[in-house]
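Here are my notes on this model, point by point. Please read them with the structure open.

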Amino acid sequence: MTLITDITSRRAETDAALIPALVERFSPRAYDPDAVISDETVATILEAARWAPSASNTQPWRFVVARRGTPEFTTVHDGLLGFNQAWADSAALLIVNIIQTTDANGAELRWAEYDLGQAVAHLSVQAQHEGLHTHQMGGIDGDKLRAAFGLDDSFRVVSVSAIGVLGDIDALPEKLRERESAPRTRLSLDEIVIAGA
Ligand SMILES: Cc1cc2nc3c(=O)[nH]c(=O)nc-3n(C[C@H](O)[C@H](O)[C@H](O)COP(=O)(O)O)c2cc1C
């Protein structure tokens with residue numbers, strides 16, 4: 001059994017000293033299938049999302065929070081594409097990340113997706129601080145999830161986050177096991193800063 005308890009191999013090799021939650025954050029696929037996240041911690045990570053900034057403070061993010069073992073979890077899991085279903089079942093929580101696409105007057109909320117991404121980022125960093133890990137997924141059937149939760153077409157399901165406690169890599173299918181130990185890479189600052197570095 002290979003538990004990712006020594007996460008040093010997954011830590012980001014940063015060129016500057018970052019806060020621990022950012023250095024230690026990565027997107028695992030091996031989660032402890034028995035871990036339970038307390039109600040208090042769930043409320044804490046959602047609070048981090050709630051206090052994210054958004055364009056004109058429109059706060060267009062909406063969430064469905066599903067705990068493993070509940071009918072909602074099965075519904076969310078059914079809305080993942082197969083390659084994500086293969087591992088996400090052992091996460092303690094699946095959170096559906098949704099945007100409200102229009103305001104009360106029907107005008108487009110132009111920055112909604114950007115705002116949601118920022119809220120999810122805040123949630124992920126707070127989750128990391130709470131000793132959890134998060135893995136976001138775009139590989140989902142958004143329309144299926146939207147219908148399953150009775151949302152009209154002013155909503156759009158953008159992604160799903162798997163959240164939990166690190167688990168046994170050996171429990172993963174072989175292909176995924178290899179990915180869990182693959183080197184983590186990033187573009188250099190030179191490549192991402194177009195001017196002004
Ligand atoms: C919007 C978004 C969609 C993603 N979709 C998937 C996905 O469907 N399946 C998956 O295994 N990982 C998915 N990922 C995880 C990325 O592949 C991962 O964040 C990236 O490879 C960097 O790895 P790290 O998060 O461990 O640093 C997604 C991440 C983001 C932000």
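1. Trp87. This is a predicted model, and I start with one tryptophan. Setting aside residues up to four places away in sequence, Trp87 touches Pro28, Arg29, Tyr31, His135, Met137, Ala162, Leu172 and Leu176. Trp87 sits in helix H4. Its relative accessibility is 1%, so the residue counts as buried. The cut-off for that word is under 20% relative accessible area.

2. Trp87 and Pro173. How far apart are Trp87 and Pro173 in sequence and in space? They are 86 residues apart along the chain, and their C-alpha atoms lie 8.2 Å apart.

3. Leu145 and Pro173. Now take Leu145 with the proline. Leu145 and Pro173 are 28 residues apart in sequence, with 26 Å from C-alpha to C-alpha. Leu145 belongs to helix H6. Its relative accessible area is 1%, which makes Leu145 buried.

4. Contacts of Leu145. Which residues does Leu145 contact, leaving aside neighbours within four places in sequence? They are Thr75, Val76, Gly79, Ile140, Val157 and Val160. Val76 is also one of the buried residues of helix H3.

5. Helix H3. This helix covers residues 71–78, and its buried residues are Phe73, Val76 and His77. Viewed down the axis of H3, these buried residues fall within an arc of 100°, so they line one face of the helix. An α-helix has 3.6 residues a turn, so residues three or four places apart point the same way.

6. Helix H4 holds Trp87, and helix H6 holds Leu145.

7. His77. Neighbours within four places in sequence aside, His77 is in contact with Gln85, Ala88, Asp89 and Leu94.

8. Strand S4. Eight of the ten residues of S4 are buried, so the strand is largely enclosed by the rest of the structure. S4 pairs with S2 through eight bridges, and the two run antiparallel.

9. Strand S3. S3 spans residues 133–137, and four of its five residues are buried, so S3 too is largely enclosed by the rest of the structure. Five bridges link S3 with S4, again in antiparallel fashion. His133 stands opposite Gly164 of S4. Thr134 faces Ile163 of S4. Both His135 and Met137 are among the contacts of Trp87.

10. Two residues deserve a look at their torsions. Asn57 has a positive phi of about 55° although it is not a glycine. Gln59 has a positive phi as well, of about 50°, and is not a glycine either. Asn57 lies in the loop between helix H2 (39–50) and S1. Gln59 lies in the loop between H2 and S1.

11. Asn57 is exposed, with a relative accessible area of 52%. Gln59 is partly exposed, at 30% relative accessibility. Exposed here means over 50%.

12. Largest pocket. What is the volume of the largest pocket? The value is about 640 Å³. Its lining has 21 residues, and Ala12, Glu13, Thr14, Asp15 and Arg186 are those nearest the centre. By class, the lining holds nine nonpolar, five polar and seven charged residues.

13. Second largest pocket. This pocket contains about 240 Å³ of space. There are 13 lining residues, of which Arg10, Ser27, Arg179, Ala182 and Arg184 lie nearest the centre. The lining divides into four nonpolar, two polar and seven charged residues.

Definitions and conventions: Residues numbered from 1 in each chain as written. Predicted model: local features only at pLDDT ≥ 70, side-chain atom pairs only at ≥ 80, totals over all residues. Heavy atoms only, no water. 1 Å grid on protein atoms, 1.4 Å probe; cavity = no way out; pocket = protein on both sides within 12 Å on 5 of 7 lines; lining within 4 Å. Points joined across faces, edges and corners; volume = space filled by probe spheres on them. Nonpolar A, V, L, I, M, F, W, Y, C, P; charged D, E, K, R; others polar. Buried < 20%, exposed > 50% of the residue type's maximum accessible area, 1.4 Å probe, protein only. Arc of directions from axis to C-beta. Pairing = 2+ DSSP bridges. Contact = heavy atoms within 4.5 Å.
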